[in-house]
Amino acid sequence: MRSRKQIKRGSIVAIMATFLFIVGCNEANKNVEENTNSNEIETKTSEPFFKLSLAQWSMHKMVWEEGLDPYRFAEKAKGWGFSGLEYVSGLYYKELEKDNFSKEAMAAFVAKSNAESEKYGMKNLLIMIDGQGDLATEDDAKRKAAVENHFKWVDAAAAMGCHAIRVNLAGGKTVDQWTASSIDGLTQLATYAKEKNINIIVENHGGFSSDAKLLSGVMSKVNMDNCGTLPDFGNFCIEKSDPSEDIFTCANRYDTYKGMEELMVHAKAVSAKSYDFDLNGKETNLDYKRILQIVKNAGYTGYIGVEYEGSNLGEEAGIIVTRNLLVAASKNLK
């Protein structure tokens with residue numbers, strides 16, 4: 001049984017979530033009305049310098065805990081005001097693993113995803129790949145197997161009209177070994193993907209990959225047009241001393257703003273991670289305006305993907321508040 005203090009705290013969180021959700025929806029409706037009533041020039045000047053996409057990871061609790069069909073991704077994203085889709089491979093593994101990722105199973109995934117994105121007028125952008133082997137492992141045979149495990153996802157991305165797959169550079173016990181293995185793994189995969197017109201992009205996603213200087217150095221040494229980065233606003237924790245630590249209190253953490261500057265040099269996509277918000281709708285851990293200035297200074301004008309990963313708000317409310325924050329923070333930049 002919960003104590004009165006726990007119940008009170010839970011009520012406050014619930015009230016905050018409801019408040020931010022309502023504010024987000026009202027603001028969205030207000031923007032629609034203003035854009036509808038304004039002339040073409042005013043509408044263009046009020047638009048952000050980027051386009052909005054949704055990272056499907058923002059919905060992983062809906063899929064895994066609430067039973068939402070992952071193929072409703074396009075429908076949901078359209079309703080929340082996005083135009084681009086960033087798929088997460090792991091949300092489809094339940095059905096794909098049953099058939100051992102057969103050609104037929106992968107073809108069905110592609111066909112269903114394309115049908116839904118076309119139905120709702122959405123653009124397929126990329127697929128985030130997890131659990132397909134370590135591309136930076138020191139074991140040559142295992143690294144080659146991991147590279148080849150990604151081939152089917154390169155093919156799927158090409159068939160869906162995506163421009164990229166996002167991969168992880170997991171593996172490696174020392175900086176030198178990780179660097180050498182990363183260069184080899186990425187070069188092998190990017191060589192295959194080049195024939196399919198698909199980019200291989202690496203997210204700062206823990207371990208050595210969250211050291212932006214190291215990851216940027218790997219990109220320079222691979223030196224292929226279709227190999228780049230996916231800078232994530234929040235994933236700069238290199239090492240935790242305790243599993244209970246969050247990414248902002250970890251033992252070894254790279255500076256967010258320095259890291260964003262270094263990774264944007266090679267960026268082919270950008271991920272707007274969010275965790276928690278104050279009552280004004282600002283992210284409590286990240287300075288969105290400062291980060292977006294870095295992104296803009298790099299000359300980036302592509303999609304920025306919303307990736308809500310918090311727990312105090314429900315996923316839908318978190319997605320909407322993050323979207324609104326991105327648009328608001330993009331105003332009055334230099």
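## The exposed end of the chain

At a relative accessibility of 79%, Asn332 counts as exposed, since the cut-off for that label is over 50%. Keep in mind that this is a predicted model. Asn332 sits in the segment after α13, and its phi is near 65°, a positive value in a residue other than glycine. For context, most residues other than glycine have a negative phi.

Stepping back to the whole chain, there are 13 helices and 10 strands. Buried residues make up 50% of the 334 residues. Of the contacts with a separation of 6 or more, 78% join residues 24 or more positions apart.

## Helix α13

The buried set opens with Glu315, then takes in Ala317, Gly318, Ile319, Ile320, Val321, Thr322, Arg323, Asn324, Leu325 and Leu326, and ends with Ala329. Note that Glu315 and Arg323 are on that list too.

## α10 and α11 side by side

Two packed helices are described by the angle between their axes and the distance between the axes. For α10 (residues 212-222) and α11 (residues 256-264), the axes come within 9 Å and cross at roughly 5°. Angles under 35 degrees count as roughly parallel, so α10 and α11 are roughly parallel to each other. On the α10 side the contact is made by Ala212, Lys213, Leu215 and Ser216, and on the α11 side by Gly259, Glu262 and Leu263. Sorted by class, the contact of α10 with α11 has 3 nonpolar, 2 polar and 2 charged residues.

What else do the buried residues of α10 pack against? Besides α11, they meet α9 (175-194), β5 (199-203) and β6. Those buried residues are Ala212, Leu214, Leu215, Ser216, Val218, Met219 and Val222.

As for α11, it's mostly covered, with 7 of its 9 residues buried: Thr256, Tyr257, Gly259, Met260, Glu262, Leu263 and Met264. Their cover includes α10, β6 (227-230), β8 (252-253), β9 (270-274) and α12 (288-297). At the start of α11, a side-chain oxygen of Asp255 comes within 3.2 Å of the backbone nitrogen of Tyr257.

## α7 meets α8

Here's another helix pair: α7 (residues 140-149) and α8 (residues 151-159) pack at an angle of about 20°, with their axes 4 Å apart. That angle makes α7 and α8 roughly parallel to each other. Val147, Glu148 and Asn149 in α7 meet Phe151, Lys152 and Trp153 in α8. The residues of this α7 and α8 contact divide into 3 nonpolar, 1 polar and 2 charged.

## Around α6

The loop between α5 (93-96) and α6 holds Phe101. Like Asn332, Phe101 has a positive phi without being a glycine, in this case about 55°. Is Phe101 buried or exposed? Buried, because its relative accessibility is 18% and the cut-off is under 20%.

Further along, Asn114 lies in α6 itself (residues 103-119). Asn114 is buried as well, with a relative accessible area of 14%. Which residues does Asn114 touch, leaving aside its neighbours within four places in sequence? Asn124, Ala159 and Met160. With Ala159 there's a polar detail: the backbone oxygen of Ala159 lies 3.2 Å from a polar atom of the Asn114 side chain.

One more spot is worth a look. Thr249 lies in the loop between β7 (237-239) and β8. Thr249 is partly exposed, with a relative accessible area of 48%. Thr249 and Cys237 are 12 residues apart in sequence, and their C-alpha atoms are 8.4 Å apart in space.

Conventions:
Residues numbered from 1 in each chain as written. Predicted model: local features only at pLDDT ≥ 70, side-chain atom pairs only at ≥ 80, totals over all residues. Heavy atoms only, no water. Buried < 20%, exposed > 50% of the residue type's maximum accessible area, 1.4 Å probe, protein only. Helix = DSSP H or I, 4+ residues; strand = E, 2+ residues; numbered from the N terminus. Axes fitted to C-alpha atoms, helices over the stretch in contact; angles between N-to-C directions. Parallel < 35°, antiparallel > 145°, perpendicular 65-115°, else oblique. Contact = heavy atoms within 4.5 Å. Nonpolar A, V, L, I, M, F, W, Y, C, P; charged D, E, K, R; others polar. Polar contact = N/O pair within 3.5 Å; in protein donor to acceptor, adjacent residues only side chain to side chain.
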